[in-house]
Structure formats: C-alpha cells, structure tokens
Amino acid sequence: MKSLVVLSTLVLTLALAAGASGAIVTSTDLQGRTITFDVRAATVDTDWYAAVLRATSHGNEISSVTIRIVPDQSIESLCGSAAAACYTGIGGRPTIIIPAGKNQFIEGTLIHEYGHHIDASTPVSGVPELNGIPAWWADRGMASRYAGRQVAFDYSLGWDHSIAEIFAEDYAYIHVGPTYRYAITWLGPPDDALRADMFAALGGPPPAMLPAAPNAPLVVQRVGTLSPRGTKSVPFGLLGPGRRVTFTANVARATRKGVRARIEVRCNGTVAGTRTIAKGQKTRTLDLPNMGPGDCDARLVSSTSVSLKYSLRLQLTAPDQATGRIAS
C-alpha cells in the first residue's frame, strides 16, 4: 500500500474551492469535542466514521478539521492520480478527503490521514513541518536520518522516505495493529516501545475500540481520458494469499482497426494476466484468483494515436471477504 497523500498543493486547493456544496453533519468524540463532516456522497454512515475517529488517540485538534466524504470516483480528481485519500491544511480549514464506504481499507486510510492532521497540529521545536510529534521524532532518530539523507520533508526521496508519510503510517499502525498493511518496508513498523511513547505523548491509549469494518470486497472505480499511447495505473496491495483480483476496463472511443488497448495486472514485478481491447470491443475483464501477497498495480495501456475515454473498476476480495489496501 502506498497511500499517497496530497499535502498543501495548489491543485487540491482549487479543487476544494470548486467542489459542490455538501451536507454538514456534526458529531462528537467521547469528550464532547465536535467532529465535522462534509458529506458529498449518497448513503453515508457518518456515525461509523465518527466511531473510527473516537477510537484514535487525539486532542482538541479534532475540532479543527473537516472530514469530507466523497464518492470513490472523485478521489482522483480531488487528491491526485495515485492517492487513496488526502489531507490539506492550506487555504483555510484543514480538510481530510476520504471515499464513502465502510471497510477495512477506509478505516485504516482515515486513521492515516488523521495522522497527518495530528502532525500538522503538533510542532517539533526547530524542525520544519511536517515533522510528526516530538517523542516520535526523537524515538525514530529522524534528525540523524535526515542528516544522512534517508528521509526528506518532501517526496524527493520517494513516498516511503517522506517524514510526513512515515509518521502517518506509524500513527495508523499503532491503532490498527498487524493487520494494517504497513508501507514503510525499509524502516519497519513501530515496536512496543515506540507505540507506548507515541500513545503517552498523545494523551494515552485509544479511548475506545475501533468499530467493526464490514467484511466486504474493496471496490475502486476510476474514470478519465487516456492520452495517446498512455498508461493509467491503479496501484494496490494484497495482504495475504488467496485473494481474488477482478479488473474491468470500459473504453468508449472506437478506432478503425487493430488493438486499441490492453489491460493487465502486475504483482511483484510480474505480469499476472492481460487482455487486449480490439476493434469493436469496449469492455474487458481480468478475473485472477489465488493472488497475493504482493505489491501490485492494474493498468490500462493505450495502443492508439488517439485519446481514449475510460472507466475502470478494480475489486479485491479475500477468502473471508477482508480486503487488501489500495493506493489510489
């Protein structure tokens, strides 16, 4: 899982400003602090999202952020082509943008994004934001890692070497536990000592248990236009073996002859399956059982010199209906 997060970008700021108005729904945490939701999708259970946030270690900063819940198809335009969700603190009130739904992926992603809000709300003396919290900065040895160019305050060394992303992954992991697909593989998840220090610095262990996440397949949908001979990639991760990956692409624009595009799924650098989309065909599906564990991506690859409008649907199903985590 590479839950790429857009932090303080002009594109995101403009997208937020241009978005349609939503329904504002408020709830409270266990101390009575307000939690604000901006609901822009149908049939959203805000009580479940609130229960997830109640089960995190947090403080008064929870009342300064808005949780914007949008259709999954909107995530790409609002957060970027490789984002599962995003957090922004620029241009006004801090906002987390998260897809609508109830599953383990959304639960872990919401906590990861809230970790960015904790980070932005908690300074480390003498260190530029985003920088985690003081106890974490010291325990993780971030000063020496930064001096040795292991980590950066931006994405110049890669997503998994971003200080902000390492903190958000650590924050999610200490709440969710080993079932969380921790993405900072070069460093490894927090040990018991770091977990205890982080909770102590955040005011204590979580005040409530995480709510049940429905055991349903994870479905991600994307729509857009593919440039001539371009590639659209949807990265995802599979937590364990026995997963089923179902990837469907619909390509709207026809060409006169030949293959227009292909779809494929790659895991751990190997092509697991591929299908071509030829003249007269609009929809193709790859259904791949017994996949995982692995770092994967589903791709639509154009073979033509014209643009192609597309819609993509990726479904991940585990034997017990629990899902892997996805990066887009």
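Strand β9 (residues 259–267) and β10 run antiparallel and are joined by 8 bridges. Across that pairing, R262 sits opposite T276 in β10. Keep in mind that what you're looking at is a predicted model.

**Two open sheets**

Those two strands belong to a four-stranded picture: 4 strands make an open sheet in the order β7-β12-β9-β10, with antiparallel pairing. At its edges are β7 (231–238) and β10 (270–278), each of which pairs on one side only. From one strand to the next, the twist of this sheet averages 15°.

There's another open sheet, also built from 4 strands, and here the order is β6-β13-β8-β11, again with antiparallel pairing.

For β6, the link to strand β13 (residues 308–317) consists of 9 bridges, and the two run antiparallel. If you want a spot to start tracing that pair, L226 stands opposite L308 in β13. As background, strands of a sheet pair through backbone hydrogen bonds, either parallel or antiparallel.

| Helix pair | Angle | Axis distance |
|---|---|---|
| α7 (residues 163–176) and α8 (residues 192–201) | about 95° | 10 Å |
| α4 (residues 104–121) and α7 | roughly 125° | within 8 Å |

Take α7 and α8 to begin with. Their packing angle is about 95°, and the two helices are therefore roughly perpendicular to each other. On the α7 side the contact uses F167, D170, Y171, I174 and H175, which meet L194, R195, M198 and F199 in α8. Sorted by class, that contact has 6 nonpolar, 1 polar and 2 charged residues.

Now α4 and α7. Their axes cross at roughly 125°, which makes α4 oblique to α7. The crossing of α4 past α7 is right-handed. From α4, the residues in contact are G108, I111, H112, Y114, G115, H116, I118 and D119, and they meet A164, E165, F167, A168, E169, Y171, A172, H175 and V176 in α7. By class, this contact has 9 nonpolar, 5 polar and 3 charged residues.

**Disulfides**

The model has 2 disulfides. One of them is formed by C79 and C86, with their sulfur atoms 1.9 Å apart. The C79 and C86 link is left-handed, at -60° about the S-S bond.

Most residues other than glycine have a negative phi, and most peptide bonds are trans. A few places here go the other way.

E129 and L130 are joined by a cis peptide bond, with omega at about 0°. L130 lies in the loop between α4 and α5 (134–139). The bond from G292 to P293 is cis too, with omega near -5°, and P293 falls in the loop between β11 and β12 (294–302).

Which residue has a positive phi although it is not a glycine? That's R149, at about 60°. You'll find R149 in the loop between α6 (142–147) and α7.

Note on methods: Residues numbered from 1 in each chain as written. Predicted model: local features only at pLDDT ≥ 70, side-chain atom pairs only at ≥ 80, totals over all residues. Heavy atoms only, no water. Axes fitted to C-alpha atoms, helices over the stretch in contact; angles between N-to-C directions. Parallel < 35°, antiparallel > 145°, perpendicular 65-115°, else oblique. Contact = heavy atoms within 4.5 Å. Nonpolar A, V, L, I, M, F, W, Y, C, P; charged D, E, K, R; others polar. Left-handed = near helix turned anticlockwise from the far one by under 90°. Pairing = 2+ DSSP bridges. Disulfide = S-S within 2.5 Å.
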